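Dear colleague,

I am handing over the structure below, and my notes on it follow directly after. Please read them alongside the model.

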Amino acid sequence: MSNKLYFGDNLEVLRDHIRAESVDLVYLDPPFNSNAGYNVLFKDRGGRPTQAQAEAFCDTWTWGPSAERAFDDVIAANEDVSLVMRGLRSWLRESAMMAYITMMAARLIELRRALKKTGSLYLHCDPTASHYLKLVLDSVFGPKNFRSEIIWKRSSAHSDAKQGRKLHGHIHDVILFYTKSDQWTWNDIYTPYDEAYVNRDYRLIDEAGRRYRRGDLTAAKPGGDVEYAWRVKKPIGARERWTADIDEEYLKPKPDWEYKAVRPYKRRFWAYSKENMKQFAKEGRLRHTFDGMPEYKRYLDEMPGVPLQDLWTDVTPIIAGNQERLGYPTQKPLALMERIISASSNPGDLVLDPFCGCGTTIHAAHKSGRHWLGIDVTHYAITLIEQRLKGFDERAAFAVQGRPASFADAEALAKRDKHQFQWWAAWFVGAQSYREEKRGADRGIDGSALFANGPYGHGRIIISVKGGENVGIGMVRELRAVIEREEAEMGLLITLVAPTQSMIAEATAAGFVKKSAHGRLPRLQIVTVADLFAGTLPHLPPLPEPLVGSRPRVVRNRKPDPRQRELMLTFAGNKTLKVDGAFVDPRYLSFGDQTMAAEDDLQLPLGDAGGKPKRRLAVQ
Ligand SMILES: C[S@@+](CC[C@H](N)C(=O)[O-])C[C@H]1O[C@@H](n2cnc3c(N)ncnc32)[C@H](O)[C@@H]1O
């Protein structure tokens, strides 16, 4: 199976596109707003959440018809799942937590189906839900297929105790590791020894400056050249006295041979043959105690390290200023994914991440020669991963599935998810930043694009997208007002259905851009999605060409200014213009030293010259 990114809901993608027993490794990091607090999660059990908390919670995790449908599917899966889910529901009732568990159960059933017999699954979650998810995983995979609960220290200690916190700092995530059967892919991973251990146990340093510890060359049983002597009766203990083998004879080794006039201490034997001992001496690996007893030098630099344990404190999280940081909330470190992928898969294996976000799993899988599949329900995540992959490997071959490729697809997307449709349409025409439709003053901005406007500096195009079946003159007036208020140069209204004559007249009345380095440009234009697919494009100044190759080619009115890319990179307000050695579209850059947004807030750069994010966008 070739590398693929799916834009869509993972339950549907899993059911429709992922073959049974085709995947070697699944890693999933579902969104979970633990900040919502228990009173929101257990709302139905008496807690009264604040409005803000309730709003922070996405539809997916509230009980409704889709959770009810998923529950129905889930309890039909098998008896164990049914028992566990019914039990949980009778306790949690129709709470947000129950909705979350049900949605997860439906996906876990599909993921198990997709796994090969030797496959493994890692579920990343936090302690708010890990105990419920473990029950669900036990019922889906079977309790005997539980392998480890990994604790990942995801942040450094909080220093808020003085602000009145009366509980322990929450600094870890939980990663539950299950396998499909009792045969699974495993590669040993070793981590470096800790400093205290090295200083205590590898104190000795040889002439070459190498640290070593002393190793015993003797053992309780002979390991090399054994000289046997007397046949003796087996020594019998009280319990053996009456057994049948009481007369059995065995060979007792003679006291051992001498090495350089030294014998092992009483009841000990050389653990190695004479030949090996000679070889050690030749290699300078022997040292002698004051009484001549040889000892083996175990060098630190030859030791593999500590076999991987289930407590991971050595993988640092993505924090502000981190080179890896893409500004995507909940981005996980590459090292975390590299560790999981190298332990539980081999080159050439297929890795699946059904909640792939900004594509950390995809990046790690690609880097280590695995095939991969990623699914995300947001168009932004998909474009970001395309960008990330191309930045890492410009020849990366992969397909994107689920992105509208025709008017009918776009129409279906608009019906399914208004916001994703808006984001997709804004991206299609070349928006460099997206905004969710907002309440209050910013309503009507779904994206914006910046262009080089010669002596006038940077120009800005505000994009508004309407996916509904009814359009009217009010939409054009609203966009016109937004352009004025934002002091933008141009506005572009993208509609799914054809505009009315009065809309066109109102747009025309907006006139032309006053200060344009690109000739006469209409100040406000309307374009339909059908126009876009037909190649009838709005009259726009040259926009920076996307660095991502897979956007449908939008034929511009002029050739792009060759300096444009440089100019584009100055907008982001972030001095780092390269990621992994490649230039990156500013919309994917983070904001310098600004601290990371709260776990579930997505900050999208709006490329004004100051590079200050103006808007916060809540994602699941
Ligand atoms: C916690 S983030 C994953 C972050 C990721 N591990 C990374 O390092 O970037 C969860 C992702 O799941 C996506 N998501 C939420 N619900 C989804 C669904 N039903 N199907 C597919 N993706 C979904 C969200 O858009 C978000 O990008």
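The shell around the ligand is made up, by class, of eight nonpolar, eight polar and four charged residues, where Ala, Val, Leu, Ile, Met, Phe, Trp, Tyr, Cys and Pro count as nonpolar, Asp, Glu, Lys and Arg as charged, and the others, Gly among them, as polar. Of these 20 residues, Asn10, Asp29, Phe355, Gly357 and Thr360 come nearest to the ligand, a residue being near if its C-beta atom, placed from the backbone, lies within 6 Å.

Please keep in mind that this is a predicted model, in which local features need pLDDT of at least 70 and side-chain atom pairs count only at pLDDT 80 or more, whereas totals for chains, interfaces and linings use all residues. Residues are numbered from 1 along each chain as its sequence is written.

The core draws at least three residues from each of domain 1 (4-189 + 309-401) and domain 3 (408-569), with bounds that come from an automatic or database domain assignment. Leaving aside residues up to four places away in sequence, Ala105 touches Val74, Val81, Met85, Val136 and Val140, contact meaning C-beta atoms, placed from the backbone, within 7 Å.

Turning to the strands, seven of the eight residues of strand E5 (residues 172-179) are buried, so E5 is largely enclosed by the rest of the structure. Strand E3 (residues 115-125) pairs with E5 in the antiparallel sense over six bridges, pairing requiring at least two DSSP bridges between two strands, and strand E4 (residues 146-153) does so over seven bridges. Tyr178 in E5 is the bridge partner of Leu121 and also stands opposite Phe146.

Elsewhere, an open sheet of four strands has the order E7-E8-E14-E13, with antiparallel pairing.

With best wishes

Note on methods:
Contact = placed C-beta atoms within 7 Å. Helix = DSSP H or I, 4+ residues; strand = E, 2+ residues; numbered from the N terminus. Buried ≥ 20, exposed ≤ 12 C-beta atoms within 10 Å, placed from the backbone.
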